[in-house]
Amino acid sequence: MRVGVLTGGGDCPGLNAVIRAVVRKGIKDHGYEFVGFRDGWRGPLEGDTMTLDVEAVRGILPRGGTILGSSRTNLMKIEGGVERVKDNMAGLGVDALVAIGGEDTLGVARQLHDRGVNVVGVPKTIDNDLNATDYTFGFDTAVNIAMEAIDRLHTTAESHHRALVVEVMGRHAGWIALHSGMAAGANVILVPERPFDMDEVVKHVESRFRTQYAPIIVVAEGAHPKEGQMELATGEKDAFGHVRLGGIGQRLADEIEHRTGKEARSVVLGHVQRGGTPTAFDRVLATRLGLHAIDAVADGAFGKMVGLRGTDIVRVDLAEATDTLKTVPAGRYQEAETFFG
Ligand code: F6P
């Protein structure tokens, strides 16, 4: 059997660990051959491939990014895209695909499976917002990077008696903000799931200043104020219709400075959260997902995604994984609120 492998969407630490596990186990236990498709769905669409053998995956376990490259190509928006993928797969003798990606990439995988393509999905995103898996790899790395940054920002904020607003990634879900803010003792955490009240934010900031500590506000890029409280800029959209975010941190810092009369600065962590070497947790999770994904291919379990449930790797329907996003539940946010102010 020949198996194609691709990585789609925003990259994430641990992708290479999955690729390595799929290839190593696929060759050793199942006698498969592999074809690497470049840049997400663009690879099978254009028949753009690279060699993927044991040699190609040597030394990549600790490396961030993806040796296959990635893109946000939306196959479903390209006329005749599905047929082109099928033709290219047939021409290359590829019988099945392992698609490693988030909601968008796996959403396409699900539709391809519905149209007769053999595909198994592996969940990836630093945002941790994919349903049907307890955690996605990349998230732990992103949280640790953000936590270290916030630890550092505490000391400089205190020296200058300033408020520091830290903007982290998280378009629709505030998992990175919640976990990094909790781990690093943020003064306030703002998430997309819960529109914030600017008066309350200012109250927390002022109370922290009174205790001689400098306030640190952790805000997810997709967080927004209650209606009518602040104007926000809107950006351009990608092929999956997602608006490019960024800017809430600076808006908050301006508003805090204006309302409290104290200095405020904003820091956008941005793609630093997605780059570099994965944590041990992410390396192990990514490796296990890769091992189980190639076993799913061997069992003919197409249309499935491998996911983490407790400490077990399980198979779930791609439909279940892509129907809804896993957002921060109210109870988890309430836990963090104990430490606000
Ligand atoms: O989906 C992962 C993610 O990192 C989001 O948190 C973020 O909004 C987005 O990707 C940014 O994507 P890019 O800058 O690569 O288009």
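Buried means under 20% relative accessible area, exposed means over 50%, and partly exposed is in between (1.4 Å probe, protein chains only). This is a predicted model, where local features need pLDDT of at least 70, side-chain atom pairs count only at pLDDT 80 or more, and totals for chains, interfaces and linings use all residues. Residues are numbered from 1 along each chain as its sequence is written, and side-chain values use heavy atoms, with hydrogens and water left out.

Start with the backbone. Asp39 has a positive phi of about 55° although it is not a glycine. Asp39 sits in the loop between β2 (33-37) and α2 (42-46); helices (H or I, at least four residues) and strands (E, at least two) are DSSP runs, numbered from the N terminus. Its relative accessibility is 23%, so Asp39 counts as partly exposed. Asn128, also not a glycine, has a positive phi near 60°. Asn128 belongs to the loop between β5 (119-123) and α6. Is Asn128 buried or exposed? Asn128 is buried, at 1% relative accessible area.

Now the interior. A nonpolar core is a set of buried Ala, Val, Leu, Ile, Met, Phe, Trp, Tyr and Cys residues joined through side-chain atoms within 4.5 Å. The largest such core has 84 residues, and Phe137 and Leu190 touch the most other members. Helix α6 (residues 139-160) gives the most to this core, with 8 residues. Domain 1 (2-137 + 278-322) and domain 2 (141-275) both give residues to this core, so it lies between them. The domain bounds come from an automatic or database domain assignment. Apart from this core lies another, of 25 residues, including Phe37 and Leu75.

Turn to the ligand. Which residues are around the ligand? They are Arg72, Ile126, Asp127, Met169, Gly170, Arg171, Glu221, His271 and Arg274, each with a heavy atom within 4 Å. Both domain 1 and domain 2 give residues to this shell, so the ligand's shell lies between them.

Polar contacts are pairs of N or O atoms within 3.5 Å. A polar side-chain atom of Arg72 lies 2.8 Å from a ligand oxygen atom. For Asp127, a side-chain N or O atom is 2.7 Å from an oxygen atom of the ligand. For His271, the corresponding distance is 2.7 Å. The protein covers 81% of the 400 Å² of accessible area that the ligand has on its own; such areas come from the Shrake-Rupley method with a 1.4 Å probe.

Notes:
A polar contact is a pair of N or O atoms within 3.5 Å; within protein, one must be able to donate a hydrogen and the other to accept it, and residues adjacent in sequence count only if both atoms are side-chain atoms.
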